[in-house]
Amino acid sequence: MSIDNLLPITELPDMPIIMADGCRLSARVWMPADAEINPVPAILEFLPYRKRDGTTARDCLTHPYFAKRGYACIRVDMRGNGDSQGIMEDEYTQQELDDAVHTIAWLASQPWCSGTVGMMGISWGGFNSLQVAALNPPPLKAVITLCSTVDRYADDIHYKGGCLLNENFGWGSTMWSYSSRAPDPALVGDAWREMWLDRLKAEPFLPIRWLTHQNRDSYWQHGSICENYNAITAAVLAVGGWGDAYKNAVPALVENISSPVRGLTGPWVHKYPHFAVPEPRIGFLQEALRWLSLIHISEPTRRYAISYAVFCLKK
């Protein structure tokens, strides 16, 4: 699509999505202005990192690009974070995944959605994109996972080779500070203070929980895609960086997933590769757009594996 043919878009700062138990999740949305008349596929990014302030800069670099090219982009604050109600008890809980599945079904049923959904995310959003794909919600056709893992115990920030990592405490502390912040009164109104106090009272310090699971037990097996690669039937684009701690997921996914899969690795750190360092960067949004075209195909048959090694060395 040329720049002359880009679609005008509508942005909504707070679209409510109600879960099965009545919990209200808050979503920021970009979509073509005429989507109610000409429905489009939806792309979901499902995170705890506060769409209102935490990821707003990168969201504005990413989601409008897809919306102008015929997609509805839905950036959801997970339960207990940002401007969404409820409590977050841990990372990658069954509640989190159930909420994502419910959200996908809700998106597919909206009059502005064509009925098909993709899921995209980096780090936490890359993890749960794979985890949700393994649950196979029918509308989910394609996934883009960046800087993620297939094994929560052996290849995350908790343990390596059975040894405790310092990042177990460091990241747990960071997450504590993220999740304990108040919702935005401009979006949630007078309820913000009660929501915030409820959040603070229930806020878990996750490193304590992680330290009680020092072996690869059922706690870590939950959400580890390597337990059953064949559970994933959606098309998967896996992206990683040589400068990132999560280097192993891309080859593992390409080798083991039986659904259409493409692996893309470059020199980058833990960032989206259209604004990552070190350079050279790539046109990640263009790569993602090509992959998301699989949403329109009922049974795609393509399988890819690609590395940017030669390109980067030449640069």
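Let me start at Arg52, which sits in the loop that runs between strand 3 (40–47) and helix 1 (56–67). This is a predicted model, so keep that in mind throughout. Arg52 has a relative accessible area of 37%, so it counts as partly exposed.

What does Arg52 touch, leaving aside its neighbours within four places in sequence? The contacts are Pro13, Asp83, Asp184, Ala186 and Leu187. Take Pro13 from that list. Pro13 and Arg52 are 39 residues apart in sequence, yet their C-alpha atoms are 8.2 Å apart in space.

Now the chain as a whole. There are eleven helices and eleven strands. The C-alpha trace spans about 50 × 50 × 35 Å along its principal axes. A compact globule of 315 residues would have a radius of gyration near 20 Å, and the chain has 19 Å, which agrees. Of the 315 residues, 53% are buried. Counting contacts between residues at least 6 apart in sequence, 72% join residues at least 24 apart.

As for charge, the chain has 28 positive and 33 negative charges, and the mean positions of the two sets are 6 Å apart.

Next, helix 2, residues 94–109. Its 16 residues, at 1.5 Å a residue, should span 22 Å; the end C-alpha atoms are 23 Å apart, so the two agree. Which residues of helix 2 are buried? They are Glu96, Leu97, Asp99, Ala100, Thr103, Ile104, Leu107 and Ala108. An α-helix has 3.6 residues a turn, so residues three or four places apart point the same way. Keep that in mind when you look at the buried positions in helix 2, including Ala100, Thr103, Ile104 and Leu107.

Two more residues before I stop. Asn168 belongs to helix 4, residues 167–179. Is Asn168 buried or exposed? Its relative accessibility is 2%, so Asn168 counts as buried. Not counting residues up to four places away in sequence, Asn168 touches Ile157, His158, Pro207, Trp210 and Leu211.

The other is Ser259, in the loop between helix 9 (249–256) and strand 10 (261–266). For a distance across the chain, take Ser259 and Ala35: they are 224 residues apart along the chain, and their C-alpha atoms are separated by 30 Å.

Methods: Residues numbered from 1 in each chain as written. Predicted model: local features only at pLDDT ≥ 70, side-chain atom pairs only at ≥ 80, totals over all residues. Heavy atoms only, no water. Helix = DSSP H or I, 4+ residues; strand = E, 2+ residues; numbered from the N terminus. Rg over C-alpha atoms; globule rule 2.2 N^0.38 Å. Buried < 20%, exposed > 50% of the residue type's maximum accessible area, 1.4 Å probe, protein only. Contact = heavy atoms within 4.5 Å. Lys, Arg positive; Asp, Glu negative; His and termini not counted. Charge placed at Lys NZ, Arg CZ, Asp CG, Glu CD. Expected span 1.5 Å × (residues − 1).
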